[in-house]
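Welcome to this short briefing. Please take a look at the sequence and the 3D view below, and then we will go through a few features together.

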Amino acid sequence: MSQEQSRDIALGVDTFGDVTADADGELLSHAQVLRNVVEEAVLADRVGLDAFSVGEHHRDDYAISAPDVVLAAAAARTERITLGTAVTVLSSDDPIRVYERFATLDALSSGRAEVTLGRGSFTESFPLFGLDLSDYEVLFEEKLRLFSSLRSEQEVSFEGRTRRPLPPTHVYPKTARGSLPTWVGVGGSPESVVRAARHGLPLMLAIIGGPPARFAPFTDLYRRALSEFGGTPQPVGVHSPGFVAATDQEARDVLFPHFKANRDRIGAERGWGPATRDQFEAEVDQGALFVGSPETVARKIATTVQALDIDRFDLKYSNGPLPHEHLMECIRLYGTEVAPRVRELLA
(Lines give C-alpha, C1' and ligand atoms only; values in the text may rest on other atoms or scores of the structure.)
Protein backbone atom coordinates (compact mmCIF):
# COMPACT_ATOMS: atom_id res chain seq x y z
CA MET A 1 0.00 0.00 0.00
CA SER A 2 1.37 3.41 -0.91
CA GLN A 3 1.31 6.37 1.46
CA GLU A 4 -1.37 7.90 -0.72
CA GLN A 5 -3.54 4.80 -0.27
CA SER A 6 -2.86 4.84 3.47
CA ARG A 7 -4.21 8.37 3.69
CA ASP A 8 -7.36 7.14 1.97
CA ILE A 9 -8.07 4.42 4.54
CA ALA A 10 -11.81 3.71 4.80
CA LEU A 11 -13.21 3.75 8.35
CA GLY A 12 -16.54 2.22 9.22
CA VAL A 13 -18.60 0.85 12.10
CA ASP A 14 -20.38 -2.49 12.59
CA THR A 15 -23.15 -3.70 14.86
CA PHE A 16 -24.89 -7.02 15.33
CA GLY A 17 -27.88 -5.25 16.84
CA ASP A 18 -27.00 -6.54 20.32
CA VAL A 19 -30.01 -6.30 22.64
CA THR A 20 -29.09 -3.36 24.84
CA ALA A 21 -30.12 -2.23 28.30
CA ASP A 22 -31.77 1.00 29.38
CA ALA A 23 -30.54 3.28 32.17
CA ASP A 24 -32.09 0.98 34.78
CA GLY A 25 -30.43 -2.13 33.36
CA GLU A 26 -33.61 -3.49 31.80
CA LEU A 27 -33.21 -5.03 28.35
CA LEU A 28 -34.95 -3.20 25.52
CA SER A 29 -37.35 -4.88 23.11
CA HIS A 30 -36.07 -6.10 19.77
CA ALA A 31 -38.26 -3.47 18.14
CA GLN A 32 -36.63 -0.61 20.05
CA VAL A 33 -33.15 -1.96 19.40
CA LEU A 34 -33.86 -2.03 15.66
CA ARG A 35 -35.07 1.57 15.72
CA ASN A 36 -31.95 2.53 17.69
CA VAL A 37 -29.70 0.85 15.11
CA VAL A 38 -31.19 3.06 12.41
CA GLU A 39 -30.47 6.12 14.57
CA GLU A 40 -26.89 4.91 14.95
CA ALA A 41 -26.58 4.66 11.16
CA VAL A 42 -27.89 8.21 10.79
CA LEU A 43 -25.28 9.48 13.25
CA ALA A 44 -22.48 7.51 11.53
CA ASP A 45 -23.43 9.20 8.27
CA ARG A 46 -23.60 12.64 9.87
CA VAL A 47 -20.13 12.40 11.45
CA GLY A 48 -18.56 11.42 8.14
CA LEU A 49 -17.79 7.72 8.54
CA ASP A 50 -17.36 5.69 5.36
CA ALA A 51 -19.41 2.57 6.09
CA PHE A 52 -22.14 1.23 8.35
CA SER A 53 -22.60 -2.54 8.49
CA VAL A 54 -24.98 -4.83 10.36
CA GLY A 55 -24.65 -8.51 11.17
CA GLU A 56 -27.18 -11.30 10.74
CA HIS A 57 -28.16 -13.53 13.65
CA HIS A 58 -31.14 -15.68 14.56
CA ARG A 59 -31.07 -15.70 18.37
CA ASP A 60 -32.60 -13.69 21.18
CA ASP A 61 -29.53 -11.65 22.18
CA TYR A 62 -29.28 -9.99 18.75
CA ALA A 63 -32.14 -8.12 17.09
CA ILE A 64 -31.05 -8.17 13.43
CA SER A 65 -32.15 -11.20 11.44
CA ALA A 66 -33.02 -9.27 8.25
CA PRO A 67 -30.07 -6.93 7.56
CA ASP A 68 -31.34 -5.69 4.20
CA VAL A 69 -34.57 -4.41 5.78
CA VAL A 70 -32.66 -2.52 8.49
CA LEU A 71 -30.29 -1.08 5.88
CA ALA A 72 -33.18 0.00 3.67
CA ALA A 73 -34.59 1.99 6.59
CA ALA A 74 -31.14 3.53 7.10
CA ALA A 75 -30.84 4.28 3.38
CA ALA A 76 -33.94 6.46 3.53
CA ARG A 77 -32.39 8.61 6.25
CA THR A 78 -28.75 8.82 5.18
CA GLU A 79 -26.98 10.49 2.29
CA ARG A 80 -23.44 9.27 1.67
CA ILE A 81 -22.44 6.36 3.90
CA THR A 82 -21.97 2.87 2.43
CA LEU A 83 -24.49 0.36 3.81
CA GLY A 84 -23.54 -3.29 4.12
CA THR A 85 -23.46 -6.46 6.17
CA ALA A 86 -21.10 -8.00 8.71
CA VAL A 87 -21.88 -10.72 7.62
CA THR A 88 -24.67 -12.18 5.49
CA VAL A 89 -24.79 -15.90 6.30
CA LEU A 90 -24.79 -17.11 2.71
CA SER A 91 -24.64 -20.80 3.64
CA SER A 92 -28.22 -20.71 4.95
CA ASP A 93 -29.66 -18.28 2.39
CA ASP A 94 -30.35 -18.35 -1.33
CA PRO A 95 -27.65 -16.55 -3.35
CA ILE A 96 -30.14 -15.31 -5.93
CA ARG A 97 -32.45 -13.86 -3.30
CA VAL A 98 -29.50 -12.24 -1.53
CA TYR A 99 -28.35 -10.63 -4.78
CA GLU A 100 -31.86 -9.42 -5.57
CA ARG A 101 -32.33 -7.90 -2.12
CA PHE A 102 -29.01 -6.08 -2.10
CA ALA A 103 -29.35 -4.93 -5.71
CA THR A 104 -32.68 -3.45 -4.60
CA LEU A 105 -30.98 -1.80 -1.62
CA ASP A 106 -28.33 -0.46 -4.00
CA ALA A 107 -31.05 1.22 -6.08
CA LEU A 108 -32.85 2.67 -3.07
CA SER A 109 -29.60 4.04 -1.63
CA SER A 110 -28.39 5.46 -4.97
CA GLY A 111 -25.47 3.05 -5.24
CA ARG A 112 -24.40 2.79 -1.58
CA ALA A 113 -24.99 -0.93 -0.93
CA GLU A 114 -22.44 -3.67 -0.41
CA VAL A 115 -22.53 -7.16 1.06
CA THR A 116 -20.04 -9.22 3.06
CA LEU A 117 -20.61 -12.94 2.68
CA GLY A 118 -19.60 -15.46 5.32
CA ARG A 119 -20.44 -18.68 7.07
CA GLY A 120 -21.22 -16.93 10.36
CA SER A 121 -19.90 -17.70 13.83
CA PHE A 122 -23.24 -19.17 15.00
CA THR A 123 -25.16 -22.08 13.51
CA GLU A 124 -28.78 -21.37 14.54
CA SER A 125 -29.77 -20.53 10.97
CA PHE A 126 -29.06 -24.07 9.73
CA PRO A 127 -31.80 -25.95 11.64
CA LEU A 128 -34.04 -22.88 11.41
CA PHE A 129 -34.06 -23.08 7.61
CA GLY A 130 -34.01 -26.86 7.40
CA LEU A 131 -30.33 -27.30 6.49
CA ASP A 132 -27.94 -30.03 7.58
CA LEU A 133 -24.83 -28.87 9.46
CA SER A 134 -22.90 -31.73 7.89
CA ASP A 135 -23.16 -29.74 4.62
CA TYR A 136 -21.56 -26.67 6.26
CA GLU A 137 -18.55 -26.52 3.91
CA VAL A 138 -20.19 -27.52 0.63
CA LEU A 139 -23.12 -25.13 1.16
CA PHE A 140 -20.86 -22.11 1.46
CA GLU A 141 -18.54 -23.14 -1.37
CA GLU A 142 -21.34 -23.78 -3.87
CA LYS A 143 -23.40 -20.76 -2.89
CA LEU A 144 -20.37 -18.46 -3.08
CA ARG A 145 -19.62 -19.84 -6.54
CA LEU A 146 -23.16 -19.05 -7.67
CA PHE A 147 -23.14 -15.60 -6.05
CA SER A 148 -19.82 -14.77 -7.71
CA SER A 149 -21.28 -15.60 -11.11
CA LEU A 150 -24.29 -13.37 -10.40
CA ARG A 151 -21.99 -10.35 -10.00
CA SER A 152 -21.47 -10.15 -13.77
CA GLU A 153 -25.21 -9.36 -14.02
CA GLN A 154 -25.22 -11.32 -17.27
CA GLU A 155 -27.03 -14.58 -18.04
CA VAL A 156 -26.01 -17.27 -15.54
CA SER A 157 -26.53 -21.01 -15.13
CA PHE A 158 -25.47 -23.33 -12.32
CA GLU A 159 -25.19 -26.97 -11.32
CA GLY A 160 -24.21 -28.28 -7.90
CA ARG A 161 -25.12 -30.59 -5.04
CA THR A 162 -27.14 -28.16 -2.93
CA ARG A 163 -29.85 -27.01 -5.34
CA ARG A 164 -31.65 -28.02 -8.52
CA PRO A 165 -29.81 -27.02 -11.71
CA LEU A 166 -30.34 -23.40 -12.71
CA PRO A 167 -30.96 -23.06 -16.46
CA PRO A 168 -29.55 -19.98 -18.23
CA THR A 169 -31.35 -16.97 -16.77
CA HIS A 170 -31.03 -13.32 -15.77
CA VAL A 171 -31.52 -12.00 -12.23
CA TYR A 172 -33.19 -8.64 -11.54
CA PRO A 173 -32.91 -5.84 -10.68
CA LYS A 174 -29.60 -4.96 -12.29
CA THR A 175 -27.49 -2.41 -10.46
CA ALA A 176 -26.77 0.95 -12.04
CA ARG A 177 -23.03 0.33 -11.70
CA GLY A 178 -23.13 -3.14 -13.22
CA SER A 179 -22.17 -5.21 -10.16
CA LEU A 180 -22.69 -5.34 -6.41
CA PRO A 181 -19.60 -4.68 -4.25
CA THR A 182 -18.99 -7.94 -2.40
CA TRP A 183 -16.54 -8.89 0.35
CA VAL A 184 -15.84 -12.29 1.90
CA GLY A 185 -15.71 -12.34 5.69
CA VAL A 186 -13.01 -14.62 7.10
CA GLY A 187 -12.28 -15.57 10.70
CA GLY A 188 -8.67 -16.56 10.10
CA SER A 189 -8.41 -19.96 8.38
CA PRO A 190 -5.97 -20.19 5.43
CA GLU A 191 -8.54 -22.15 3.41
CA SER A 192 -11.07 -19.32 3.70
CA VAL A 193 -8.46 -16.74 2.74
CA VAL A 194 -7.53 -18.69 -0.38
CA ARG A 195 -11.22 -19.16 -1.25
CA ALA A 196 -11.78 -15.39 -1.25
CA ALA A 197 -8.76 -14.96 -3.53
CA ARG A 198 -9.93 -17.72 -5.87
CA HIS A 199 -13.19 -15.86 -6.41
CA GLY A 200 -11.34 -12.54 -6.78
CA LEU A 201 -13.34 -10.92 -3.96
CA PRO A 202 -12.14 -8.40 -1.34
CA LEU A 203 -11.19 -9.88 2.03
CA MET A 204 -12.65 -8.77 5.37
CA LEU A 205 -10.74 -10.27 8.32
CA ALA A 206 -12.65 -10.60 11.58
CA ILE A 207 -9.98 -10.12 14.25
CA ILE A 208 -11.67 -10.65 17.60
CA GLY A 209 -8.82 -11.96 19.74
CA GLY A 210 -5.06 -11.75 20.05
CA PRO A 211 -2.61 -9.20 18.63
CA PRO A 212 -3.82 -7.95 15.23
CA ALA A 213 -0.28 -8.10 13.82
CA ARG A 214 -0.36 -11.90 14.00
CA PHE A 215 -2.80 -11.85 11.07
CA ALA A 216 -0.13 -10.49 8.71
CA PRO A 217 0.50 -13.98 7.25
CA PHE A 218 -3.15 -14.12 6.21
CA THR A 219 -3.08 -10.81 4.34
CA ASP A 220 0.19 -11.89 2.70
CA LEU A 221 -1.34 -15.27 1.76
CA TYR A 222 -4.38 -13.55 0.28
CA ARG A 223 -2.32 -11.26 -1.93
CA ARG A 224 -0.07 -14.11 -3.09
CA ALA A 225 -3.11 -16.27 -3.87
CA LEU A 226 -4.77 -13.45 -5.80
CA SER A 227 -1.66 -13.13 -7.92
CA GLU A 228 -1.37 -16.88 -8.51
CA PHE A 229 -5.03 -17.08 -9.56
CA GLY A 230 -4.43 -14.23 -12.01
CA GLY A 231 -6.73 -11.85 -10.16
CA THR A 232 -6.45 -8.10 -9.90
CA PRO A 233 -5.50 -6.50 -6.55
CA GLN A 234 -8.44 -6.25 -4.15
CA PRO A 235 -8.94 -4.30 -0.92
CA VAL A 236 -8.39 -5.92 2.46
CA GLY A 237 -10.30 -4.85 5.55
CA VAL A 238 -10.36 -5.65 9.26
CA HIS A 239 -13.38 -5.86 11.56
CA SER A 240 -12.61 -5.72 15.30
CA PRO A 241 -14.56 -4.92 18.47
CA GLY A 242 -13.96 -1.77 20.44
CA PHE A 243 -15.36 1.23 22.28
CA VAL A 244 -14.40 4.89 22.45
CA ALA A 245 -15.00 7.21 25.40
CA ALA A 246 -13.51 10.47 26.66
CA THR A 247 -10.67 8.76 28.54
CA ASP A 248 -8.99 5.36 28.56
CA GLN A 249 -10.22 4.56 32.05
CA GLU A 250 -13.81 5.56 31.31
CA ALA A 251 -13.85 3.42 28.17
CA ARG A 252 -12.59 0.37 30.05
CA ASP A 253 -14.86 0.83 33.06
CA VAL A 254 -18.00 1.43 31.01
CA LEU A 255 -17.40 -1.42 28.58
CA PHE A 256 -16.19 -4.24 30.83
CA PRO A 257 -19.45 -5.38 32.50
CA HIS A 258 -21.25 -5.46 29.13
CA PHE A 259 -18.32 -7.15 27.39
CA LYS A 260 -18.29 -9.75 30.17
CA ALA A 261 -22.05 -10.34 29.96
CA ASN A 262 -21.81 -11.01 26.23
CA ARG A 263 -18.66 -13.13 26.43
CA ASP A 264 -19.94 -15.19 29.36
CA ARG A 265 -23.22 -15.98 27.61
CA ILE A 266 -21.45 -17.19 24.48
CA GLY A 267 -18.81 -18.89 26.61
CA ALA A 268 -21.44 -20.90 28.46
CA GLU A 269 -22.60 -22.25 25.09
CA ARG A 270 -19.10 -23.04 23.89
CA GLY A 271 -17.41 -24.27 27.04
CA TRP A 272 -15.32 -21.19 27.88
CA GLY A 273 -14.73 -20.05 31.43
CA PRO A 274 -16.08 -16.70 32.68
CA ALA A 275 -14.23 -13.63 31.39
CA THR A 276 -12.08 -11.89 33.98
CA ARG A 277 -11.08 -8.25 34.25
CA ASP A 278 -7.44 -9.21 33.83
CA GLN A 279 -8.19 -11.01 30.56
CA PHE A 280 -10.16 -8.01 29.36
CA GLU A 281 -7.36 -5.60 30.25
CA ALA A 282 -4.79 -7.77 28.47
CA GLU A 283 -6.93 -7.87 25.33
CA VAL A 284 -7.28 -4.09 25.43
CA ASP A 285 -3.55 -3.59 25.96
CA GLN A 286 -2.20 -6.16 23.53
CA GLY A 287 -5.05 -7.81 21.67
CA ALA A 288 -7.96 -7.11 19.39
CA LEU A 289 -10.05 -4.84 21.64
CA PHE A 290 -9.78 -1.25 20.34
CA VAL A 291 -10.85 0.43 23.57
CA GLY A 292 -9.91 3.81 24.99
CA SER A 293 -9.80 7.52 24.37
CA PRO A 294 -9.90 8.82 20.78
CA GLU A 295 -6.10 9.17 20.75
CA THR A 296 -5.52 5.64 22.06
CA VAL A 297 -7.95 4.02 19.62
CA ALA A 298 -6.63 6.07 16.70
CA ARG A 299 -3.05 5.01 17.40
CA LYS A 300 -4.01 1.35 17.68
CA ILE A 301 -5.96 1.50 14.40
CA ALA A 302 -3.08 3.24 12.61
CA THR A 303 -0.64 0.62 13.90
CA THR A 304 -2.94 -2.17 12.68
CA VAL A 305 -3.37 -0.56 9.26
CA GLN A 306 0.39 -0.37 8.84
CA ALA A 307 1.11 -3.86 10.23
CA LEU A 308 -1.42 -5.59 7.97
CA ASP A 309 -1.27 -3.20 4.99
CA ILE A 310 -5.05 -2.88 4.90
CA ASP A 311 -7.45 -0.54 3.12
CA ARG A 312 -10.33 -0.45 5.59
CA PHE A 313 -10.96 -0.74 9.32
CA ASP A 314 -14.44 -1.32 10.77
CA LEU A 315 -15.01 -0.96 14.51
CA LYS A 316 -17.67 -3.25 15.98
CA TYR A 317 -18.97 -0.68 18.43
CA SER A 318 -21.81 -2.71 19.96
CA ASN A 319 -20.83 -5.04 22.80
CA GLY A 320 -23.51 -6.99 24.63
CA PRO A 321 -26.10 -4.90 26.53
CA LEU A 322 -24.00 -1.69 26.39
CA PRO A 323 -26.70 1.04 26.32
CA HIS A 324 -27.64 2.93 23.17
CA GLU A 325 -26.52 6.26 24.64
CA HIS A 326 -22.96 4.96 25.01
CA LEU A 327 -23.05 3.55 21.49
CA MET A 328 -24.07 6.92 20.09
CA GLU A 329 -21.26 8.69 21.93
CA CYS A 330 -18.79 6.08 20.70
CA ILE A 331 -19.87 6.65 17.09
CA ARG A 332 -19.67 10.43 17.55
CA LEU A 333 -16.13 10.26 18.91
CA TYR A 334 -15.07 7.72 16.29
CA GLY A 335 -16.25 9.92 13.45
CA THR A 336 -15.23 13.33 14.75
CA GLU A 337 -11.98 12.55 16.60
CA VAL A 338 -10.69 9.05 15.87
CA ALA A 339 -11.09 9.04 12.08
CA PRO A 340 -9.31 12.38 11.47
CA ARG A 341 -6.51 11.38 13.83
CA VAL A 342 -6.02 8.00 12.10
CA ARG A 343 -5.65 9.73 8.75
CA GLU A 344 -3.25 12.24 10.26
CA LEU A 345 -1.09 9.45 11.71
CA LEU A 346 -1.02 7.60 8.39
CA ALA A 347 -0.30 10.64 6.22
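Is R163 buried, exposed or partly exposed? R163 counts as partly exposed, because its relative accessibility is 28%. Keep in mind as you read that this is a predicted model.

**R163 and D94**

- R163 forms a salt bridge with D94, and their closest N and O atoms are 3.9 Å apart. That still counts, because the cut-off for a salt bridge is within 4 Å.
- D94 sits in the loop between β4 (88–89) and α4 (95–108), while R163 sits in the loop between β6 (156–158) and β7 (166–169), so the pair ties together parts that are 69 residues apart in sequence.
- D94 is partly exposed, with a relative accessible area of 30%.

**R343 and D50**

- Another salt bridge brings together the side chains of R343 and D50, at 2.7 Å from N to O.
- R343 belongs to helix α12 (residues 324–346) and D50 to the loop between α2 (30–46) and β2 (51–54), so this pair ties together parts that are 293 residues apart in sequence.
- R343 is partly exposed at 26% relative accessibility, and D50 is partly exposed too, with a relative accessible area of 22%.

- R252 has a relative accessible area of 15%, so it counts as buried, the cut-off being under 20%.
- Elsewhere, salt bridges with shared partners join R59, D60, D61, E124, R265 and E269 into one network.
- Altogether, the count comes to 32 salt bridges.

**Helix α7 and what follows**

- Which residues of helix α7 (residues 190–198) are buried? They are S192, V193, R195, A196 and A197.
- A helix pattern is handy to know here: an α-helix has 3.6 residues a turn, so residues three or four places apart point the same way.
- The buried residues of α7 pack against α6 (136–150), β8 (182–186), β9 (203–206) and α8 (216–228).
- After α7 comes G200, which has a positive phi, near 65 degrees.

Key. Residues numbered from 1 in each chain as written. Predicted model: local features only at pLDDT ≥ 70, side-chain atom pairs only at ≥ 80, totals over all residues. Heavy atoms only, no water. Helix = DSSP H or I, 4+ residues; strand = E, 2+ residues; numbered from the N terminus. Buried < 20%, exposed > 50% of the residue type's maximum accessible area, 1.4 Å probe, protein only. Contact = heavy atoms within 4.5 Å.
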